[in-house]
Amino acid sequence: MNNEKVIVIDFGGQYNQLVARRVRECNVYCEIYSYKTPIEKIKEMDPKGIILTGGPNSCYEEGAPTCTRELFELGIPVLGLCYGAQLMNHVLGGRVEKAPVREYGKTEVFVNTESGLFSNVGEGTADDKGFRSTTCWMSHFDYISEPAPGFEVVAYTADCPVAADENREAGLYAIQFHPEVLHTVEGTKMLFNFVRNICGCSGGWRMDSFVETSIKEIREKVGDGKVLLALSGGVDSSVAAGLLARAIGKQLTCVFVDHGLLRKNEGDEVEAIFGPKGNFDLNFIRVNAQDRYYGKLAGETEPERKRKIIGEEFIRVFEEEAKKIGTVDFLAQGTIYPDVVESGLGGESAVIKSHHNVGGLPEYVDFKEIIEPLRNLFKDEVRKAGLELGIPEKLVFRQPFPGPGLGIRIIGEITGEKVKIVQDADYIYREEVEKAAEEYKKENGSVAPWMPDQYFAALTNMRSVGVMGDERTYDYAVALRAVRTIDFMTAEAANIPFDVLQIVMNRIINEVKGVNRVFYDLTSKPPGTIEFE
């Protein structure tokens, strides 16, 4: 692992992962920790820099997430973002109070380009002090009305006199806006200035070095032991398989569990890629466990319970397969960093959902240890690692598919009938979107601007009256989901052409038995999640 590290200390906001992701784009390794992390542990980690983010409260309220002065006296550069900026000034003797005017959205900010944070920033007009304007994203009810002693104001807006301040000598920097979001036009420059220039990080976090280091670490850890990998055929488990195969070869056995919750024809496709006739030199076992899963899930409607059941069966099947093939020392999984954070194991933000290969693990696992070689990577980093390993682009850039599969795209109880409905509807949807995208590319010579990064059909638990032919129907409604996103931490609904959606709707209603309505989900993330459950 890269020994240069910047840590994000999370006070409960929604952008902690996004901040960490942006830092990694600067080729600097970054991890997320809760504000409750003891100061001694922070010292032990010896970070090159610290970033404070999040916080749902006003920092001056009783019981609000906070920190001690000691954090700012470690001799390590600290950058406070939004709540973090307010907290820094509040703890160090400044004044934070309710803002006379709430700022929200894109805002013109004037920055002092002589500040280390804003070097090469400011492409707009200059004011009479030589501050230059740039567009930033504001979202705050409170503001810093009086900077802490020793701090100098280095950015302002029409309604926010302290949009940024700093104590350069102490290595303390505070920004009221959000440099991590794309709406802040030069936000990446600002974060680069902090982690590379102010913190002095060399920028050695790259996927080629990650792959090389991981292979070495896996060999050392596994020794002559045997490893069993859960292979779903998705991006994460496939890259994990490639990494492990490169490291330990035939010591690795990949078991593919077809739990009956995969996309249409996917079980056969996975076997064609990874099985004996495929291109990967792996020990491959396919387990058909559809009936077993349907039986365990019968009557269950609560989303978290469904995830836990799927997770538990996932492990039980592997324990059984391990016994069949002899001694297995390690269980490998394709867990990635957003899984860890969203399961409440990193940072302070609320648990969004439990992931089958993190929060869904049963208490007892019949293996020596679990290996998660991708645990510290974001999704786009996983794809880059896959390309480094020589995995085909078609597989590396495959749409994400959740571990619990269609189990979280079927609202309510899971049955074989419902699985077939959502499989058929999803197949039609993906087929028509891909066809439309190919036609656009052929006509325009470029990728369709509306092309989603992830799209699928889900089955709601709503049934309603309809008319098909001359007959009354009382059938299910299918919801179509399509999002555009860079990092899968925030997302917007994709603007798929209406005529394409019309074709999809007509085909689903005419070809999929049991469906008489089709909806299109416009919800962004946040407030929604990309998946339905």
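Author: This is a predicted model. Start with the largest nonpolar core, which has 91 residues. Five of them touch the most other members: Leu374, Tyr429, Leu480, Ile496 and Ile508. Helix 13, residues 416-444, gives the most to this core. Its share is nine residues.

Take Ile508 from that list. Setting aside residues up to four places away in sequence, Ile508 touches Ala425, Ile428, Val478, Leu480, Val515 and Val518. A second core is separate and holds 42 residues. Among them are Val111, Phe118, Val121 and Phe378. In general, nonpolar side chains of soluble globular proteins tend to be buried together.

Thr157 sits in the loop between strand 7 (152-156) and strand 8 (164-167). Is Thr157 buried or exposed? Its relative accessibility is 6%, so Thr157 counts as buried, the cut-off being under 20%. The side chain of Thr157 makes a polar contact of 2.6 Å with the side chain of Glu103. The Thr157 side chain also reaches the backbone nitrogen of Cys160, at 2.9 Å. Beyond four places in sequence, the contacts of Thr157 are Glu103, Thr107, Glu108, Val109, Met138 and Ala163.

Next comes Glu381, in helix 11 (residues 379-388). Glu381 has 3% relative accessibility and therefore counts as buried. Not counting residues up to four places away, Glu381 touches Arg21, Arg24, Trp205, Met207 and Asn376.

The model has 12 aromatic pairs. One of them joins Phe11 and Tyr83. That pair is tilted, with 5.9 Å centre to centre and 45° between the planes. Phe11 and Tyr83 are 72 residues apart, and their pair links distant parts of the chain. Phe11 is in the loop between strand 1 (5-10) and helix 1 (16-25). Tyr83 is in helix 3, residues 83-91. Both Phe11 and Tyr83 are buried. Trp205 and Phe210 form an edge-to-face pair, at 5.8 Å centre to centre and 70° between the planes. Trp205 and Phe210 are both buried. Phe11, Tyr35 and Tyr83 make up one aromatic cluster.

Two arginines sit over rings. The charged end of Arg102 lies over the ring of Phe141, 4.1 Å from its centre. Arg409 lies over the face of Phe456, 3.8 Å from the ring centre.

Key:
Residues numbered from 1 in each chain as written. Predicted model: local features only at pLDDT ≥ 70, side-chain atom pairs only at ≥ 80, totals over all residues. Heavy atoms only, no water. Helix = DSSP H or I, 4+ residues; strand = E, 2+ residues; numbered from the N terminus. Buried < 20%, exposed > 50% of the residue type's maximum accessible area, 1.4 Å probe, protein only. Contact = heavy atoms within 4.5 Å. Core = buried A, V, L, I, M, F, W, Y, C linked by side-chain atoms within 4.5 Å. Polar contact = N/O pair within 3.5 Å; in protein donor to acceptor, adjacent residues only side chain to side chain. Phe/Tyr/Trp six-rings, centres within 6.5 Å; stacked < 30°, edge-to-face > 60°. Lys NZ or Arg CZ within 6 Å of the ring centre and 35° of its normal.
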